[in-house]
Amino acid sequence: MKSLCEKYAAKLAAQRLADPGEPLIGGLDAELAWNREDPRTAELAKVFDLLSINSLVFSRPAEPYAAIIDFLASRHPETIRPQDTETRTFLHDIPVCREFTGEAVAAHLKKRKSVIIPGQGIASFGTVTPEQGFVFYSSTIFSCFVLFFSEYLARARAGTLDDEYREVFASVSAGLSDPCTEPPALAAGPLETEDQALAAMAEAGRAVVGYGLVDSFFGNISCRLNDVVHISQTGSSLDELEGCIDPCPMDGSATTGLTASSELSAHEDVYRRSDYRCILHGHPKFSVIMSMDCARIDCPNRGQCHIKCTECRTMDGVPIVPGEVGTGPTGLCNTLPPAMARTGAALVHGHGVFTAGATDFNEAFIRLLDIENRSRQRYFETVKAHE
Amino acid sequence: MTKLFGWTGVVLHIDLTTGQATREHPDPSVYRAFLGGKGLAGHYLRPHATRETDDPALPLLIFAGPLNATIAPTSGRATIMSRSPLTGGICDDSVGGRLGTQLKRAGYDGLVITGRSDVPCGIEISDGDVRISGTDLWGRTSDRVFDRLESAIPKGASLACIGPASENGSPLGSILVDRRHAAGRGGLGMVMAAKNLKHFTIKGTGKVRVHDKNGLKEAREEILRLTAASPVLLGRHGFSCWGTGSIFDLMDSRRMMPTDNFRRTRFENAASLNAAAYKKRFSPRRHGCTGCHIMCKKIADDGRTMPEFETMSHFTALVGNTDMELVMEANELCNGLGLDTISAGSTLACLREITGRDFTPETLLDGIREMARGGDLGQGALHLAETMGRPDAAMTVKGMELPAYDPRGAYGMSLAYAVSTRGGCHLRAYPISHEILRKPVATDRFSFSGKARIIKISEDMNAAVDSLTACKFTFFAASLEEYAKAFTAVTGVDMTGFELLEIGERIYYNERIMNAANGFDAADDDLPQRFFTEPGTSGGGVDIRPLDRETFLEARRSYYFIRGLDEDGLPTEAKTRELELD
């Protein structure tokens with residue numbers, strides 16, 4: 001367990017979600033082990049006594065995330081309710097805890113997957129492995145980031161910004177790292193053998209994570225070879241795809257896709273409708289924020305945009321479609337493929353970006369990166385126009 | 001008495017010796033402590049847990065849960081529980097169909113059936129009306145019972161019955177519910193037969209009171225959203241489209257398919273016997289339990305019930321059969337005779353290994369028929385193997401035959417099999433969820449690291465799930481967090497997911513207490529020797545080694561510690577008191 005705790009502590013730092021040396025991760029089997037020594041583990045250990053869990057992740061986020069969550073916690077004293085897909089589907093909402101005690105943290109974690117402790121950090125847990133806590137921690141940061149910037153834009157449009165929000169926004173915006181504009185040189189196509197395809201997928205997955213175009217493990221990647229779609233497994237980390245790719249025959253002769261990404265259906269339908277051979281799906285933050293930005297305040301579908309939006313919206317010409325994760329009647333499997341087949345790229349409301357390439361992952365990656373950078377640029381332009 | 005929300009507040013006791021039906025109103029604290037379904041049934045079994053399985057005073061318990069007959073997703077299941085004639089330990093089967101829903105709508109949280117009728121009988125429950133009458137269907141196969149009674153009972157009623165196997169004394173005897181669903185494991189059909197009870201029908205017209213309809217709707221939407229996002233449940237290759245057989249390809253590719261009575265773990269003919277092949281040949285349609293949107297059951301175009309994954313695997317790889325039609329026939333025959341397909345397949349595989357004789361279609365079907373006659377073959381693999389002087393050939397835990405997941409390919413599964421209160425059962429901790437299906441996250445299937453605590457927590461979770469009563473498959477996507485919200489909305493009782501886990505712990509420990517009373521200890525929490533001495537079928541980059549005995553025992557020691565048992569796997573006074581089970 002200790003080595004797993006150390007692994008996810010290092011991962012939090014590598015993904016710049018926490019400063020190195022900051023995370024505290026505890027794992028319990030017969031005995032409790034922490035990734036490192038810290039006086040706060042005595043308090044955090046109480047959570048293990050109070051909840052039937054096997055791991056606990058606690059850390060103060062790196063900046064600018066720490067400033068964001070503290071600000072949101074001041075505006076939403078009890079519960080933060082982001083509107084992105086990750087929150088809606090998995091987190092539901094994020095409680096705020098005012099005390100750093102084992103009892104208080106446990107009381108909140110009894111109800112939700114993560115909790116924000118203003119000025120201290122975020123705590124989350126796992127009942128199977130520390131990876132769950134890592135994912136919830138990461139998702140909390142992602143959701144709060146999206147909420148912070150979305151709410152600012154919405155208030156700017158509505159003319160309801162206040163000085164405090166402006167001040168924190170300016171500080172947080174100044175703390176954002178510069179956008180990456182140079183795409184990596186990924187394996188050149190055509191990808192003709194299974195080995196080539198798998199290696200290219202693993203390489204592209206690492207790049208997507210490395211460029212910050214996806215958090216935790218919520219993204220996916222696929223490559224079509226003849227009539228077999230090779231796709232990342234559900235819950236796989238895009239930077240650790242070796243051994244985590246499923247071959248799924250498109251003729252329905254096998255069900256090996258049982259562990260494939262929940263977006264297999266959408267990927268397959270894109271391939272059926274087009275000549276693309278590679279698809280990338282990431283959750284770049286400003287793309288998600290812009291996918292949720294809408295000037296129609298009086299729209300009757302407001303509040304259910306993610307499933308009911310009927311507008312032909314675009315972000316700089318890239319279509320924005322509604323749709324939930326997976327295959328339900330309001331699933332993105334129904335809305336994404338036609339849009340993707342037409343343009344090779346699409347944003348899903350509150351969720352992320354899908355891009356395709358004809359021969360290899362370079363084209364898809366360049367599109368993904370470009371959409372995020374254009375979204376970021378449009379975001380600040382739109383804010384400026386309304387401030 | 002204050003009227004409850006969710007629960008009906010009534011448990012119906014039927015004594016087949018006297019023909020009396022009486023209504024009991026349990027104290028609300030009992031519901032809080034045991035929820036319903038498996039938990040409440042276990043509460044009623046405890047005082048009688050050491051009775052012989054043919055003792056008329058041993059109750060056959062049929063319980064619904066607080067969520068039955070509400071819009072909470074997949075909550076239409078019920079629990080049937082008693083002491084197992086196969087293992088001698090406790091045995092509860094979660095069963096689908098309409099049973100749980102009709103029981104609740106009839107106004108009952110559960111049925112406690114005791115006594116023994118002088119003549120073969122049936123019970124008919126229609127709301128407050130309870131009738132016990134003689135039946136001329138004794139000796140008939142289950143399909144004949146359904147054929148005869150289905151048209152005579154009220155529309156939408158639930159009908160359960162046993163087949164000849166139970167009547168003839170086979171501890172592999174199942175209880176068939178609504179034709180397509182089986183309470184298969186552990187021989188509970190034989191307990192029913194010992195009461196001279198051939199069938200029972202339940203029909204209700206009432207409604208369950210829901211405390212907060214909007215809250216329930218919100219919880220329902222959260223659960224539906226999560227299941228829609230689940231590849232295993234509603235994905236293109238998932239259970240909804242293909243049935244549980246969709247896991248067949250995965251088990252083979254992971255080299256976990258029990259082949260030739262667990263002597264190998266890869267089946268060369270798997271690709272031609274997978275769910276896709278069945279779909280192509282039998283064009284199945286979807287079917288499910290009341291209130292389920294996943295609909296994992298499948299019905300062939302000719303009306304036969306499609307085999308579940310375990311049946312597909314055990315009647316092919318385990319027994320050396322490559323004929324898909326023969327699997328369909330074996331499944332149909334087992335259900336008709338009222339035999340658990342997992343135990344039946346495994347017992348035949350045991351026979352094949354000991355005799356060295358392969359089955360033909362005729363000998364395989366004859367073997368099933370012989371089992372239902374109640375001879376040595378019908379007593380299960382352990383009895384058969386011991387009788388034939390080859391106890392090592394019985395692939396059982398606590399006398400119950402193992403399902404179609406080889407434990408050498410998933411170490412958590414090996415521990416879960418060993419410590420399961422029901423015996424050779426995959427459903428108590430269900431580590432396949434994370435070791436193979438990657439939910440809620442993937443774990444290293446070739447490691448015991450962390451598994452002891454994971455198994456304990458999962459057992460508690462599934463005990464709560466079976467008590468609510470919901471479908472375990474849903475928990476590949478949703479969690480107790482969402483179901484606690486549904487529970488609170490339905491009952492008005494504040495509850496978090498972790499509090500449900502705590503109740504699950506009480507329910508599971510209660511089962512350890514009952515098993516201990518029947519003499520079970522660490523010696524019974526073990527696996528067949530084969531898994532520690534023989535490798536599986538390696539290849540494709542996967543090395544299937546024998547389990548390391550010492551590491552396994554270390555994990556089991558950790559499990560005992562975490563579960564609050566002593567070194568011999570027995571309940572402790574302190575933990576019993578802590579869980580208020582004293």
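This is a predicted model: local features need pLDDT of at least 70, side-chain atom pairs count only at pLDDT 80 or more; totals for chains, interfaces and linings use all residues.
Residues are numbered from 1 along each chain as its sequence is written, chains are lettered from A and ligands numbered from 1 in the order in which they are written, and side-chain values use heavy atoms, with hydrogens and water left out.

In chain A, eight strands make an open sheet of mixed pairing, in the order 10-9-8-11-15-14-13-12. Helices (H or I, at least four residues) and strands (E, at least two) are DSSP runs numbered from the N terminus, and two strands pair if DSSP finds at least two bridges between them. Strand 10 (245-249) and strand 12 (313-315) of chain A each have a single partner strand, so they stand at the edges and one side of each has no neighbour in the sheet. From one strand to the next the twist averages 25 degrees; axes are lines fitted to C-alpha atoms, for helices over the stretch in contact, and angles run from 0 to 180 degrees between N-to-C directions.

Within this sheet, strand 8 (residues 220-225) and strand 9 (residues 228-232) of chain A are antiparallel and share four bridges. A:Leu225 is opposite A:Val228 of strand 9 of chain A. Helix 8 (residues 194-210) of chain A lies across strands 8, 9, 10 and 11 (278-282) of chain A, at about 160 degrees to strand 8 of chain A. Helix 13 (residues 361-386) of chain A also packs on the sheet, where it touches strands 8, 11, 12, 13 (318-321), 14 (345-348) and 15 (352-357) of chain A. Contact here means heavy atoms within 4.5 Å.

The contact between the chains takes 56 residues from chain A and 53 residues from chain B. The area buried between chain A and chain B is about 4200 Å², with carbon and sulfur atoms giving 56% of it; buried area is the accessible area (1.4 Å probe) that two parts lose on being put together, summed over both. Seven salt bridges are counted between chain A and chain B, each a side-chain nitrogen of Lys or Arg within 4 Å of a carboxyl oxygen of Asp or Glu. One of them joins B:Glu482 to A:Lys113, with the closest N and O atoms 3.2 Å apart. On the side of chain A that touches chain B, helix 2 (41-50), helix 4 (85-91), helix 6 (130-158), strand 10 and helix 9 (264-273) of chain A give two or more residues. Helix 9 of chain A gives the largest share, five residues.

In chain B, strand 1 (residues 11-15) and strand 2 (residues 20-24) pair in the antiparallel sense over five bridges. B:Ile14 has B:Ala21 of strand 2 of chain B as its bridge partner. The two strands of chain B form a hairpin with four residues between them, and B:Gly19 in the turn has a positive phi of about 80 degrees.

Most residues other than glycine have a negative phi, and most peptide bonds are trans. In chain A, a cis peptide bond joins A:Glu63 and A:Pro64, with omega about 10 degrees. A:Pro64 sits in the loop between strand 3 (55-59) and helix 3 (65-75) of chain A. Another cis peptide bond joins A:Gly189 and A:Pro190, with omega about 0 degrees. A:Asp316, not a glycine, has a positive phi of about 55 degrees and lies in the loop between strand 12 and strand 13 of chain A.
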